Structure formats: C-alpha cells, structure tokens
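Good morning, and thank you for making time for this presentation. I shall ask you to keep the model in view while I speak.

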Amino acid sequence: MDKQQLKDKLSQEIEPPIPLFGSFKAWYILLLLVLLAEIIFFIWFTQNFS
Amino acid sequence: MSRIDWIVLCVTLLLILTYGLYKSRTSKNLEGYFLSNRNMPWYLVLLSIMGTQASAITFLSAPGQAFTDGMRFVQYYFGLPLAMIVISISFVPLFSKMKVFTAYEFLEQRFDLKTRVLTSTLFLLSRGLSTGISIYAPSIILSSLMGWDIFWTNIFMGGLLIVYTVSGGARAVAYTQQLQLLIIFGGMFIAGYYVVHYLPEGVGFSEALKISGASGKLNVITTGITEKGFDWKDRYNIISGIIGGFFLSLSYFGTDQSQVGRYLTAKNNTQSRLGLLMNGLVKVPMQFFILLLGTLLFSYYQFNKAPVFFNGAVVDKAMQTSYAPALSKIEGEYNLLQANQQQYSRAFAATQLEADKLLVQQNRKTMDALQKEYRQVLKQAVPGADTNDTNYIFLRFVVDHLPHGLVGLLIAIIFLAAWGSIAAALNSQAACTVIDFHIRLQGKKHDIANEEDCLREYKVSKYYTLAWGIFSIITAELATGMGSLIEAVNLLGSLFYGVILGIFLVALYVKKIQGNAVFVAAIIGECIVVLCFLLDKWGYIGLGFLWLNVVGALAVVITAWLLQKILPASVPADAVSVTVN
C-alpha cells in the first residue's frame, strides 16, 4: 500500500460532519421542499403561459 | 463547417483527451482503476453522476422534444429527487459498509452467486446495448447534418474516449467529466443567448414565452387524465413522472453500476450521499432550462423561416424520387402559412390580445397538419427512413444560424456529452466483467496485499475496458433508425431496470426471501415485462414505457414473496445479515 493509498484509507475511516445542516434528515426535508416548490412553480408557469 | 469551426472542434476534443491522459495516474490495482482509491469529494461525485446521466442525446433530443411536444418531458424527472433520498438512506450505507466494487457483489452476500451473476448479466446486456446507442445516436445526427461518413463518425465518437478511459479508469473518467460539463453548460448557455438575441426587435424573452405558450409548448404540468379516466399510454405526466420516474431513477442510480461506480469513488459515506442529494437538487431545474431552450427555439421559428422537416438528408433523398412534386407542393403551402404565422406572431407579441392568440393557434394547427402530411409522403418516398426529426431540430439551428466558431464548439459539446456517459459506462462494464465474472468465477479471492496479482488484475481490467469499447462501436455500426433516440435509450433501460430494482428491493427490505425464490422471480418478472411491452406494441394494452419499471419491480417482489412460501429455503453458509432494518 503506497503513501497515497494509506492517506486515502485514513480519510475514509473518519466520517466528516455533515455540512450545512449537521444532519441528513434536514437535507431530505430540503430536497422534498424544493421538489414541492418546483412543482408549484411549474403549475403557475403552465397556467400563466399556456 | 468553416476552418475556424474545425479548429475549435479539434482543439476542444484534444484538450479533453490530453486532460484525461494527464489525470490518468492512479494506483495500479482494482481499487485505483475502478474506484479511484475512493478519494473523491462530493462535488466531483456530483459532476460525475451528472456527466454519466447526461449523454449527447440529452442535449440533442431534449430541446427538440420541447419544440415538438412541449415541456412536459420535465415531469419524467420528478421521481428523481425522491429516489436520491431512498438511495442515500438504504443503498449507500450498505455499499459503503461492505466495501463492494460492484452493486451486484452485495447480492451474493445477501442471496447467492447465481442471483449476482444473473443481475450482473442483465446489467451488462442492457448497458452494453445502450452504450452502442449512445454512440450511434449523436453520430447519425452529425453525419446526416454535416454529410460525414457514419462509419467514421461512430469510430471517432466511441473511439477517442477509449484512450483515456482505458489508461486512467474511474479517475480519468471523473476528471474529464468535470471539464466536459463546464464546457457543455457554457456552450448551451451561449446557444440560448443567441436564440433570444436573434428574436425580432420588440420581442423579448417574455414575449417569446407567450408565443410558445400559445402553441401549447409550455405545458410543464399535465395530469394524463382524460374524459375516459387516466391514460396509461400517456408517456409524460405528473403521475407517471413521480411514480414511474421514481422507480426508474431508483433502479438507475441504485442498481446500475455505471452510476453506483461513480458514488463508490467518494471519500466516504457522507460525500457519496451529498453528491447524490445535490444531483436531486439540480437535475429538475437543469432539465427545465434545456427544455426551455427548445421552446425559445420554437418561438424563434415563428418569426423566421423553418424547414418543414429538419433532417435535410432524408428530404434530399426524397426529392430524387417521383414524390418530389408532391413534397414541393406541400412546402409551397407551408411557406405561405409560415409567412402568415410571422405576421400573426408579431401582432400577438405586440398586443397580447386573445384574438391574435387565436390566429396564431389556428394557423399553427394547419401548419402541423401539413407537416404531418409531408412526413407521410417522405415515408412513401424513402421507405425505412426515420421520419421523426426531433433530434435534428437543435443542431440544425446551430449549423444554419450560429456564428463561425460556435458551430464547432456546439458540435464539440455533442462529442463531450457522449464521451462523459460512454466512458463511465465502459468503466462500469469492465468492473462488472472483472469483479463479477473474471475473478469471481475463477474462484480466487481478491488479495490487495499481493502486488503481482494486483498488477495482473489491473492489466486485465484495461483489456476488458478496451473490449467493451470495441463492442459498443460495433453495436453502434449495426444500429438502425429508432425514432426519438432519447426514448429508445430510456425504453431499453425500462425493459431491464424494473427487474433489477425488484431484486435489490427484496434484498434490502424483505429479510425472509432467499436466493432461489428471488432468482426464479427475476426470470418470471423479466418475462412479464417483455410480455407487457409486446402487448403494448401490438395494441392489446396501452402502457407508457415508464410503467414497465413499476411492473418489473413489483412483479419480482410479489413473485419472490409467493415463491418463498413454496420453494425450500436455501441459506448459503457465508450469508450475512445485510438487509435494512
């Protein structure tokens, strides 16, 4: 195992903190809210321009 | 193409090729070659996931799809963010914990060897064929528009990327995809700018939207519900988009090695998940903007002369036949209507009155009917010719109207988009062949401490990558006209994806079902999917292809559950508990 591989292996072992919200649950909620907002925007877009 | 276009095209392609070779340095073992030593940050994982999914077809077909059918295609991606969440919760932690190279390795630990081999075979079969289409699709369009020889276009489209994919494996693939996407997004933005810039004076972005909206092109949300109830045959609506799109995305991102191989390159679990979740955030808006480009293009052609049929090569052939007078007559009538449409569109852009809108709509309907008639005559004049010109619309605009230099750049973008997805596919196909077949069926354990073994496996992996590259080019050379190619690729995927997903769903969520039951269920499930596809094709049932993913997955889960009650249990000696609790 060369130096680079060892470095990579060590970096895998340590799970870093989850950025921005500190939890993946918050990320999942964000994703759902964004999807909902997109669908609402698309409904508005369809009604306004079609 | 002008000299400057050729220079831009060659320089861009050489830049990627050189960059790919420059980034080829990796550890000479399987971990380095297939997983880039698992050291990628989330943003490289994200770009690699996006670069793998977005093929040349995405950038060629999507604007054309919006031009002809409107923007409702975006609904197809509504299930994707939901799938990203499920994969982040269930699939990624398991793959990461088990340190697998391929998604199918997990199936042997959960079930048995035969289930792993069957699933890997289904993947190789579908991915092998669709990689061929990914080469052929842009090649046939470029060769028709530019007059290039299809044989050599296929060779260049599928051949040059093999150099860096064979040499650098997953690392070279990820780094080139990063640069490719930057160039692609830059080029598409410039093309969009020119479409709006070329609109007549007094017609801005908002007026352009109103004009395409008046012709029904801004139908982003459709329900698929008719007077007779829900239309199962309707391909893109919010219901099939969320449910069918969810199953397709879950299968594609959770069980297709070309995608699993991308996020397995991440430094850790967190980076893999972040890459996937970010993909869920950006995919729908990205697709929306690509489709919007198509509707802007539609508006542009309401003020400018458009060909009746965008694939000039087919028209040229038809004009050599006895059908030429009939075609010329339709063209004449179409041109008159087009002149009227320009007037009506200008009036509507200026006044926004309902009466003017009605004129635009009625005239458009007559034009569409003439286009349909023109296609039917083309079909009679050139039997076997592809009379669907969706894939030619955007590139025809590029070639006919964009300034010198930009044409070369946009054509380079088609190559780069194709390279990104094909390179990832070749890398994943080689990974499955080496890990699931070559090493596994030899009965040898993969020993990372044995340098000689590692080097031999590394070399074998390179040969398999090369072999799959050659196979894909041969498939591309053998491919023939298949209508809208973006749909052909998705349709091909849908024939296998549902079943593969069903196997993984059983593996992850239904603890009591074992190998024999799921294996037989997978075979029965595949037969059911093919049967549904054929019944739909022959007109006995009406089922949009997105639903095949749902049918396949549910067929496997239900059949496996029933079979488990009948078949004797068979627990492999080394089976481990790997289901989601």
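How many residues of chain B are in contact with chain A? The model before you is a predicted one, and in it 26 residues of chain B are in contact with 22 residues of chain A. On the side of chain B that touches chain A, helices α5 (79–98), α9 (205–214) and α12 (269–303) of chain B each supply at least two residues. The largest share, 7 residues, comes from α12(B). Sorted by class, that side of chain B has 11 nonpolar, 11 polar and 4 charged residues.

The largest nonpolar core comprises 194 residues. The residues with the most contacts inside this core are Phe59(B), Leu297(B), Ile414(B), Ile503(B), Val518(B) and Val556(B). Which helix provides the largest share of the core? That is helix α17 of chain B, residues 406–442, with 22 residues. As for Ile414(B), once its neighbours within four places in sequence are left aside, it is in contact with Ala56(B), Phe59(B), Leu60(B), Pro138(B) and Leu142(B).

I come next to helix packing, and to helix α1 of chain B. Two packed helices are described by the angle between their axes and the distance between the axes. Helix α1 (residues 3–22) of chain B packs with α17(B) at an angle of about 30°, their axes being 7 Å apart. Since angles under 35 degrees count as roughly parallel, α1(B) is roughly parallel to α17(B). The crossing of these two helices, α1(B) and α17(B), is right-handed. On the α1(B) side, the residues that meet α17(B) include Ile4(B), Trp6(B), Leu9(B) and Leu13(B). Among their counterparts in α17(B) are Val407(B), Leu409(B), Phe415(B) and Trp419(B). The contact of α1(B) with α17(B) is made up of 14 nonpolar, 2 polar and 1 charged residues.

How does α1(B) pack with helix α8 of chain B? Here the angle is about 120°, and the axes of α1(B) and α8(B) (residues 150–197) are 7 Å apart. The two helices, α1(B) and α8(B), are therefore oblique to each other. Their crossing, that of α1(B) and α8(B), is right-handed. Residues of α1(B) that make this contact include Thr12(B), Ile16(B) and Tyr19(B), while those of α8(B) include Leu160(B), Tyr164(B) and Tyr175(B). By class, the contact of α1(B) with α8(B) has 12 nonpolar, 6 polar and no charged residues.

I shall close with some individual residues. Val550(B) has its place in helix α21 (residues 546–566) of chain B. With 19 other C-beta atoms within 10 Å, Val550(B) is partly exposed. Leaving aside neighbours within four places in sequence, Val550(B) is in contact with Ile243(B), Gly244(B), Phe247(B) and Gly498(B). Val550(B) and Ala83(B) are 467 residues apart in sequence and, from C-alpha to C-alpha, 13 Å apart in space.

Ser36(B) is not a glycine, although it has a positive phi of about 50°. Ser36(B) lies in the loop between α2 (30–35) and α3 (42–53) of chain B. Is Ser36(B) buried or exposed? It counts as buried, because 29 C-beta neighbours lie inside 10 Å.

Lys99(B) also has a positive phi of about 50° without being a glycine. Lys99(B) is in the loop between α5 and α6 (105–110) of chain B. Lys99(B) has 12 C-beta neighbours inside 10 Å and so counts as exposed.

Note on methods:
Residues numbered from 1 in each chain as written. Chains lettered and ligands numbered in written order. Predicted model: local features only at pLDDT ≥ 70, side-chain atom pairs only at ≥ 80, totals over all residues. Contact = placed C-beta atoms within 7 Å. Helix = DSSP H or I, 4+ residues; strand = E, 2+ residues; numbered from the N terminus. Nonpolar A, V, L, I, M, F, W, Y, C, P; charged D, E, K, R; others polar. Core = buried A, V, L, I, M, F, W, Y, C linked by C-beta atoms within 7 Å. Buried ≥ 20, exposed ≤ 12 C-beta atoms within 10 Å, placed from the backbone. Axes fitted to C-alpha atoms, helices over the stretch in contact; angles between N-to-C directions. Parallel < 35°, antiparallel > 145°, perpendicular 65-115°, else oblique. Left-handed = near helix turned anticlockwise from the far one by under 90°.
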